Amino acid sequence: MRPRGGPDPSSVRIPGPWSHHAVSANGIRLHVAECGEGPLVVLLHGFPEFWWSWRHQLTHLAAHGYRTVAVDLRGYGDSDKPPRGYDLWTLAGDVAGLIRSLGEPRARVVGHDWGGLVAWTLTALHPRLVASLTVMGAPHPLALRSSVVRDVRGQGRATVSYALGFQLPRWPERSLRAHDGARVERILRGWAGSEWAATDDFATAVARCRAAIQVPGVVHSAMEYYRWALRSQVRVEGRRFAAAVARPPEVPVLQIHGADDPCLLVRTAAASQRWAGERHTLEVLPATGHFPHQERPRVVNGLLTAFLRS
């Protein structure tokens, strides 16, 4: 479904101490916001966000000597929105192509939510391109898959509460765009920690995300991420994917997770250790929901800087 009308995709190119440009990668055009010079750090956002959710990390990491790039993932913001390619295989290929197109041999990769799942996948499928891995609010894909089945009353119930409805045709797209994206605000408020949800910064984030979700094609693309995730579980490609990402990374891995995350539980994040390699650290932030990088930017920036320097 490709709805007509809505904001121009370029409206997500919010001015700031960063530059905007397009990069060709894996056969599509990706929009990025870039700040700073030095070793490359690539930031991958989640749902229902876009590149701007990394505003705090973009400037902080640039000030600490990194070339920091936040990308609109395939289907989001001002990036291309092709009719297919919303599987983790292809999404990881997008980021691999992005790193190469930016002229760097490797990158320190940071991902949140779906961006975190893409980052785990990239590290498994393209290990030579990843110097370190940081994930926030994103268990390993196999930890999540296992927990949905084995922890039915916990992770299973949490996942069904939102992801099952996204499988329906057309209705999720309509509901997310209706009333200027009002449902996006309900999602953000329901997943965020109560402290951040009471701030002006949260109100600003809500306004930005409500506007970005109405860019034509975004809602359909965002739902295709969830639809592939469910469909793949009963197809051969799902078994192939599970085998491909089972190899633990050889690079350092930092997981940052909110103690109050209602959709991806702490115990699911902790189960990632089985697939996270020998240099794995899990940091659980108290009084924090699903968006640690936005809810606790100072804490997250400190953890991230120390990890990258180590």
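This is a short walk through the fold of one protein, as seen in a predicted model.

I start with the overall picture. The protein has 13 helices and eight strands. Its radius of gyration is 18 Å, close to the 19 Å from the globule rule for 310 residues, so the protein is as compact as a globular protein of that length. The C-alpha trace spans about 45 × 45 × 40 Å along its principal axes.

Now the sheet. Eight strands make up an open sheet with mixed pairing, and the order is β1-β2-β4-β3-β5-β6-β7-β8. At the edges sit β1, residues 19-25, and β8, residues 280-285, each of which pairs on one side only. On average, neighbouring strands are turned by 25° against each other, direction ignored.

Two helices that pack on this sheet come next. Helix α2, residues 88-101, touches β1, β2, β3, β4 and β5. The direction of α2 makes about 115° with that of β1. Helix α13, residues 297-309, touches β3, β5, β6, β7 and β8. For α13, the angle is given with β6, and it is about 160°.

Last, the surface. Which residues form a nonpolar patch there? They are Val160, Leu164 and Leu230, with about 270 Å² of accessible area together. Of these, leucine 164 lies in the loop between α5, residues 152-163, and α6, residues 171-191.

Technical notes
Residues numbered from 1 in each chain as written. Predicted model: local features only at pLDDT ≥ 70, side-chain atom pairs only at ≥ 80, totals over all residues. Heavy atoms only, no water. Pairing = 2+ DSSP bridges. Helix = DSSP H or I, 4+ residues; strand = E, 2+ residues; numbered from the N terminus. Axes fitted to C-alpha atoms, helices over the stretch in contact; angles between N-to-C directions. Contact = heavy atoms within 4.5 Å. Patch = residues over 30% accessible without salt bridge, like charges linked within 9 Å, V, L, I, M, F, W, Y side chains within 5 Å. Areas by Shrake-Rupley, 256 points an atom, 1.4 Å probe, with all protein chains shown as cover. Salt bridge = Lys/Arg side-chain N within 4 Å of Asp/Glu carboxyl O. Rg over C-alpha atoms; globule rule 2.2 N^0.38 Å.
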